[in-house]
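Student: I'd like a close look at one part of this protein, and then whatever connects to it. Could you walk me through it slowly?

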Amino acid sequence: MKTRITDLFGIEHPILQGGMHFVGLAEMAAAVSNAGGLGIITGLTQRTPDDLAKEIARCKDMTDKPFGVNLTFLPSVTPPDYPGYIKAIIESGVKAVETAGNNPAKYLPALKEAGIKVIHKCTSVRHSLKAEAIGCDAVSVDGFECGGHPGEDDVPNFVLLPRAAEELKIPFVASGGVANGRQLVAALALGAEGINMGTRFIATQEAPVHHNVKQAIVDASELDTRLVMRPLRNTERVLNNAAVERLLEKEKALGANLKFEDIIGEVAGVYPIIMQKGEMDAGAWSCGMVAGLIHDIPTCKELIDGIMAEADALIRQRLAAFATA
Ligand SMILES: Cc1cc2nc3c(=O)[nH]c(=O)nc-3n(C[C@H](O)[C@H](O)[C@H](O)COP(=O)(O)O)c2cc1C
């Protein structure tokens, strides 16, 4: 399939793997890229810019295909060495960057000068328009369904995507809630030129996480996620577990007085314990409602080929039949 997104990133299929903390390692990105999508290494999972450079080099050993790096700009008291990470990305020769969180304007000139295509992840039309205005090449429009941070507007993709289509000139992908070919076709109909998936890619053979994480996603239904940290205006969609229930109890009890320190035990530093050790109740971890549509643990190639075959059949048969009826 050819779209402005496949052209932009030089990939075969319009399928991106969103950055995921402690999931987006070289193995994940290489598997997605080798299957014809765009794999993404999560920059901040690497402790230093030097570690990121090494992770990119490791990925290059595993694939000749294009892959990207995610850089998430979070509000923080002691921010990571963003200029160092940007330098590592540019010097590595990677040609695609997924930015997320705060406005990436400060770093765009350097990235563009290096010929890097930038896709910014946004949860609203106004942020998407801002991304377009500052010179991003594309937007990943992340609906309320998404795993991770859906923002505070709560607009699901059935409205958000066609709204983005009304306003944006640059291409965009549908992010959040996507797992199959049916949804790829829907996303294309709603104006997107591809899809970005997070949760679905965790439940694959190559995802470098403990089997318990993959099984938890397969076992979960679309009713099993919760929104946490809403009182802090840092809402995150996570899979429900004992730690999340404890966290929500604290949110309820403390109301508007809740501070980050009150929930630090449930959210800080929990990713390695969950993703690598498979201790599923160790804390809150991002997971999308799309878990309800995930029933197996295929290879990335089986997953992507399956999505493309399903989409192709739907377009040629089901939709074509409606068009002529
Ligand atoms: C476990 C997990 C960790 C994530 N970590 C990040 C991250 O560090 N930076 C980021 O920009 N997005 C992150 N995301 C969001 C994904 O890149 C993607 O936008 C989201 O998962 C899409 O929704 P879906 O899970 O319904 O496919 C994460 C998502 C998950 C599930």
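Student: Is K250 buried, partly exposed or exposed, and what is its relative accessible area?

Tutor: Bear in mind that this is a predicted model. K250 comes out as partly exposed, with a relative accessible area of 27%. Its side chain meets that of E266 in a salt bridge, 2.9 Å from N to O. K250 sits in helix 11 and E266 in helix 12, so this pair ties together parts that are 16 residues apart in sequence.

E266 has another partner: R246 forms a salt bridge with E266 too, and here the closest N and O atoms are 2.8 Å apart. That pair also links distant parts of the chain, with R246 in helix 11 (residues 242-254) and E266 in helix 12 (residues 264-267), 20 residues apart. The general idea is simple: side chains of opposite charge can pair when their charged atoms come close.

Now for the wider set. The count of salt bridges comes to 18. One of them joins D137 to K112, with the closest N and O atoms 3.2 Å apart. D137 lies in the loop between helix 6 and strand 6, and K112 in helix 5 (residues 108-113), so the pair ties together parts that are 25 residues apart in sequence. D137 counts as buried at 15% relative accessibility, while K112, at 37%, counts as partly exposed.

The buried residues of helix 6 (residues 125-134) are V125, S128, A131 and E132. They cover an arc of only 115° around the axis, which puts them on the same side of the helix. What lies over the buried residues of helix 6 includes strand 5 (117-122), strand 6 (138-142) and helix 7 (157-167).

At the start, a side-chain oxygen of S124 reaches to within 3.1 Å of the backbone nitrogen of H127. Just after the helix, G135 takes a positive phi of about 105°.

Next, another pair of helices. Helix 2 (residues 26-34) and helix 3 (residues 49-62) pack at an angle of about 35°, with their axes 9 Å apart, and their crossing is right-handed. On the helix 2 side the contact is made by A26, E27, A29, A30 and N34, and on the helix 3 side by E55, R58, C59 and M62. Salt bridges that share partners join E27, E55 and R58 into one network, and each of these residues is listed in that contact.

Last stop, M289. You'll find M289 in the loop between helix 13 (271-275) and helix 14 (300-324), where M289 is partly exposed, with a relative accessible area of 32%. Leaving out residues up to four places away in sequence, M289 touches E145, E222, T225 and R237. M289 and G147 are 142 residues apart in sequence and 7.0 Å apart in space, C-alpha to C-alpha.

Conventions. Residues numbered from 1 in each chain as written. Predicted model: local features only at pLDDT ≥ 70, side-chain atom pairs only at ≥ 80, totals over all residues. Heavy atoms only, no water. Buried < 20%, exposed > 50% of the residue type's maximum accessible area, 1.4 Å probe, protein only. Helix = DSSP H or I, 4+ residues; strand = E, 2+ residues; numbered from the N terminus. Arc of directions from axis to C-beta. Contact = heavy atoms within 4.5 Å. Polar contact = N/O pair within 3.5 Å; in protein donor to acceptor, adjacent residues only side chain to side chain. Salt bridge = Lys/Arg side-chain N within 4 Å of Asp/Glu carboxyl O. Axes fitted to C-alpha atoms, helices over the stretch in contact; angles between N-to-C directions. Left-handed = near helix turned anticlockwise from the far one by under 90°.
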